[in-house]
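User: I have a model here that is new to me. Could you walk me through it?

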Amino acid sequence: MGFLTLFHMAFLAVSLFVSGAFAAFGYTTSGNNFVIDAGSANPLVFSVSKSSCDINSIRYRGTELQYSKQGTHIGSGLGKATVSVSQINGSKSRFIKVTCVTSTLTQYMIVKEADSTIFMATYITAEPSIGELRFIARLLPDKLPNEYPYGEVSTTSGSSSTVEGSDVFVVNGQTRSKFYSSTRFIDEDSHCVYGGSDLMHVCIITPQQESSSGGPFFRDIDSNNAGGSTNLYNYMNSGHVQTEAYRMGLHGPYLMTFSRSGIPQRKTVDVSWFGELGVTGYVPDSQRGTVIGRASGIPAGFEGVVHWHNDAAQYWVRTASNGDFTSPKMKPGTYTMVLYQTEFKVATSTVTVSAGSTTVANIASTFNTSHTTLFKIGEYDGQPTGFRNADKFLRMHPSDSRMSSWGPLTYTVGSSSLNDFPMAVFKSVNNPVTIKFDLGSAPSQATTLRIATTLAFAGARPQVVVNGWSAPAPAAPAKIDSRGVTRGAYRGYGEVYDVAVPAGKLVSGTNTITISALSGSSGTTFLSPNFIFDAVELFY
């Protein structure tokens, strides 16, 4: 083999290496697709349909990751859209912007030169008719079989039977569901799917959820290895335990990032350049305002959370240990301002935010604890913390064999552990829960039995019987047309029921209270009417 031949082979090898490592930034047309190349060191190349806006190919480091039978898209796919692509020279970088337009929705997909990330935003003027407002990436399970951060709890591949509907399954004797991948908005960082010998992580990061609905404690599906495809989601609006109206406007930015260096973190994300790209509805920081202040009245051991919301936006922040807080950058407007004791609402007020300004607004708890407590089970934290199966239900179905017995249970004040009290009462499973307690002497005055709940299903509310005396039946709670406990959800409207117990109904010695799930609706086992406990307290 001659010297020139060897030279040519060496030159070709170097050329191929350089081409693989540093691909050409830009876009081309191939048939009915726009092909976008991020020009990144770990090459990311993806194809977008000119007619539907579906992503139908994603190649990262030369490996195809896109599921072939369904696209990556918004909702169940836009079907038809006007799709365009352009290159934009920003102040510090170059970008490729794909814009997909329908009558009520505009989807943006943006690539920043040398960054293996697809930055996205979704602008809506009406809730789409193509299913829930979600972004779903449908990826290959042989390349990306694993899920982060909760692992196999939402991997339904290989299921042997169905427990409930078409979304809770049994795999290797354990219940699994895509719903068990959820994280509270306030805790969201990145959620990912990953795998392969050339270990890759594909992650969704949402820097803020200002245009979503549900508040800081809302949670929804993040990932699901369903067997045919491994699915990665960003839920923006959904009917899963929906407690407020959907918000219109711009949802995002959010991003799908591809990594070989582990799991990216939200705090490292910079989207300050987004305002250079002509994205409809984007409000830069310069046109936003801030709220600062101090929250007071939150007892030690509870987390302070401040939440702002109106019809257009929602924001939240955890308070410092002394109660001080600084809001995120907020759109101008008048907001309801809420203070939570962990997740239990303890105060509301209003505040007006102006562009370019900082508003000072303090907030203090108005939750009254000035009374004599005879007993209290649990804490007012807006969660079923410590109750039986509260440590498990987020990641498995209540019928799972790993659950402790639901009862019916009897809790004896002074001797039972908190785990002897159920996190929920189901009309057809563990009705009623019984509380036994001793009094040295009977109170001479009326008492109050307070039952704080977090979520009700099928109109369930507590029916109380005290030593044989039946309390008046409370009115049905506001309806949430969605399953709760069985999907790993507990956050609803948080109804608090104060039951007035007349003088003379409590006795010296042993007393018995039963709490039943009352509802005119029916259902079987864990889909029977039910409600979730937050705390139960008897006081005067």
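Analyst: One term to begin with: a residue is buried under 20% relative accessible area, exposed over 50% and partly exposed in between, using a 1.4 Å probe and protein chains only. This is a predicted model, in which local features need pLDDT of at least 70 and side-chain atom pairs count only at pLDDT 80 or more, while totals for chains, interfaces and linings use all residues. Residues are numbered from 1 along each chain as its sequence is written, and side-chain values use heavy atoms, with hydrogens and water left out.

User: OK. Is Asn-389 buried or exposed?

Analyst: Asn-389 is buried, and its relative accessible area is 0%. Asn-389 also has a positive phi, near 75°, and is not a glycine.

User: Where is Asn-389 found?

Analyst: In the loop between strand 29 and strand 30. Strands here are DSSP runs of E with at least two residues, helices are runs of H or I with at least four, and numbering starts from the N terminus.

User: What about Val-241, what is its phi?

Analyst: Phi of Val-241 is positive, about 55°, although Val-241 is not a glycine. Val-241 sits in the loop between strand 19 (230-237) and strand 20 (249-259). Val-241 counts as buried because its relative accessibility is 7%.

User: Which residues does a cis peptide bond join?

Analyst: Asn-431 and Pro-432 are joined by one, with omega about -5°. Pro-432 lies in the loop between strand 31 (424-426) and strand 32 (433-439). The peptide bond from Gly-407 to Pro-408 is cis as well, with omega near 25°. Pro-408 is in the loop between strand 29 (373-378) and strand 30 (410-412).

User: Changing topic. What volume does the largest pocket have?

Analyst: About 700 Å³. The lining of this pocket has 27 residues, and Pro-207, Gln-208, Val-271, Asp-285 and Pro-328 are the closest to its centre. On a 1 Å grid over the protein atoms alone, a pocket is an open set of points with protein on both sides within 12 Å along at least five of seven lines, a cavity is a set where a 1.4 Å probe fits but cannot get out, and lining residues have an atom within 4 Å of a point. Grid points are joined across faces, edges and corners, and the volume is the space filled by probe spheres set on the points.

User: Which strand gives the largest share of that lining?

Analyst: Strand 23, with 5 residues. Strand 20 and strand 23 (314-318) each supply at least two. By class, the lining of the largest pocket divides into 13 nonpolar, 6 polar and 8 charged residues. Ala, Val, Leu, Ile, Met, Phe, Trp, Tyr, Cys and Pro count as nonpolar, Asp, Glu, Lys and Arg as charged, and the others, Gly among them, as polar.

User: And how many residues line the second largest pocket?

Analyst: The second largest pocket holds about 550 Å³ of space. Its lining has 34 residues, and Gly-214, Thr-243, Arg-491, Gly-492 and Tyr-493 lie nearest the centre. Two or more residues each come from strand 22 (304-309), strand 25 (333-341), strand 26 (344-353) and strand 33 (447-457). The lining of the second largest pocket splits into 11 nonpolar, 14 polar and 9 charged residues.

User: How many cavities of 30 Å³ or more does the structure hold?

Analyst: There are 5. The largest cavity has a volume of about 110 Å³. It is lined by 15 residues, with Phe-185, Glu-188, His-191, Asp-222 and Asn-234 closest to its centre. Strand 19 gives the largest share of the lining of the largest cavity, 3 residues. The second largest cavity has about 60 Å³ of space. Of its 13 lining residues, Gln-208, Gln-209, Ser-212, His-251 and Gly-252 are the closest to the centre. Strand 20 gives the most to that lining, with 4 residues.

User: Strand 19 again. Which strand do 7 bridges join to strand 19?

Analyst: Strand 11 (residues 133-139), and the two run antiparallel. Two strands pair if DSSP finds at least two bridges between them. Phe-135 has Asn-234, in strand 19, as its bridge partner. Asn-234 is also one of the residues closest to the centre of the largest cavity.

User: What order do the strands of the open sheet have?

Analyst: The open sheet of 4 strands runs 6-11-19-18, with antiparallel pairing. Strand 6 (73-74) and strand 18 (223-225) are at the edges with a single partner strand each, so one side of each has no neighbour in the sheet.
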